[in-house]
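Subject: Structure handover

Hello,

Here is the structure you asked about. Please open it next to this message and follow along.

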Amino acid sequence: LVPLGPGNTITFYADSTGPTDIIADVLGSYAPGTGAGFTGKTAARVLDTRIALGAPHAKHGAYQTLTLTVPGLPAGATAVALNVTVTNPTAAGDLVVYPSGQPRPLASNLNFVAKQSVPNMVLVPLGPGNTITFYADSTGTTDIIADVLGYFR
């Protein structure tokens with residue numbers, strides 16, 4: 001989910017030393033004043049375990065949870081749109097993102113193998129105090145990155 005720029009444009013940026021292919025699929029749109037209260041915003045990094053942003057500077061451990069208070073959300077926010085990335089995993093596994101204080105769902109948000117970086121967009125309801133929980137179902141460790149793309153209220 002991304003807000004549109006002037007003339008209904010969006011910009012893609014690849015942080016790479018070589019060329020890359022980009023594929024984009026339009027899944028829908030929101031007209032002004034609609035979208036069940038969704039507000040898109042410029043992506044803002046809120047979690048990066050590689051640099052102690054939003055959590056300690058440490059790889060996320062096997063079968064552990066990490067709770068994040070999502071900063072910068074307005075009063076009344078009920079859910080958040082995130083781009084979540086697993087990077088530098090030491091073993092295969094999956095990552096589940098869910099509202100804090102709720103039972104962990106059975107379905108994962110992204111699956112990964114060792115030494116692979118995998119991003120995925122996640123829509124997740126917020127728990128008390130704008131909190132969400134990350135759970136790595138893996139025998140290894142991994143770094144986790146999350147960028148807020150927008151919120152619902």
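Predicted model: local features only at pLDDT ≥ 70, side-chain atom pairs only at ≥ 80, totals over all residues.

**Salt bridges**

Start at Arg-45. Its side chain meets that of Asp-147 in a salt bridge, at 2.6 Å from N to O. This pair links distant parts of the chain: Arg-45 sits in strand S1 and Asp-147 in strand S8, 102 residues apart.

Arg-45 also forms a salt bridge with Asp-48, where the closest N and O atoms are 3.9 Å apart. The cut-off for a salt bridge is within 4 Å, so this pair counts.

Asp-48 has another partner. Its side chain meets Arg-50 in a salt bridge, at 2.7 Å from N to O. Through shared partners, Arg-45, Asp-48, Arg-50 and Asp-147 are joined into one network.

Asp-48 has 2% relative accessibility, so it counts as buried. Asp-147 is buried too, with a relative accessible area of 12%. Now the arginines. Arg-45 is partly exposed, with a relative accessible area of 41%. Arg-50 counts as partly exposed, at 36% relative accessibility.

Strand S8 spans residues 143–152. Why call it largely enclosed by the rest of the structure? Because 10 of its 10 residues are buried.

S8 pairs with S1 in the antiparallel sense, over 7 bridges. For a place to look, find Phe-38: its bridge partner in S8 is Phe-152. S8 also pairs with strand S3, residues 79–87. That pairing is antiparallel as well and runs over 9 bridges. Here, Val-80 stands opposite Tyr-151 in S8.

**A nonpolar surface patch**

Which residues form the nonpolar patch on the surface? They are Val-2, Leu-4, Ile-10, Phe-12 and Ile-22. Together they have about 480 Å² of accessible area. Val-2 lies in the segment before strand S1, which covers 38–48. At 53% relative accessibility, Val-2 counts as exposed, because the cut-off for exposed is over 50%.

Best wishes

Terms used: Residues numbered from 1 in each chain as written. Heavy atoms only, no water. Patch = residues over 30% accessible without salt bridge, like charges linked within 9 Å, V, L, I, M, F, W, Y side chains within 5 Å. Areas by Shrake-Rupley, 256 points an atom, 1.4 Å probe, with all protein chains shown as cover. Helix = DSSP H or I, 4+ residues; strand = E, 2+ residues; numbered from the N terminus. Buried < 20%, exposed > 50% of the residue type's maximum accessible area, 1.4 Å probe, protein only. Pairing = 2+ DSSP bridges.
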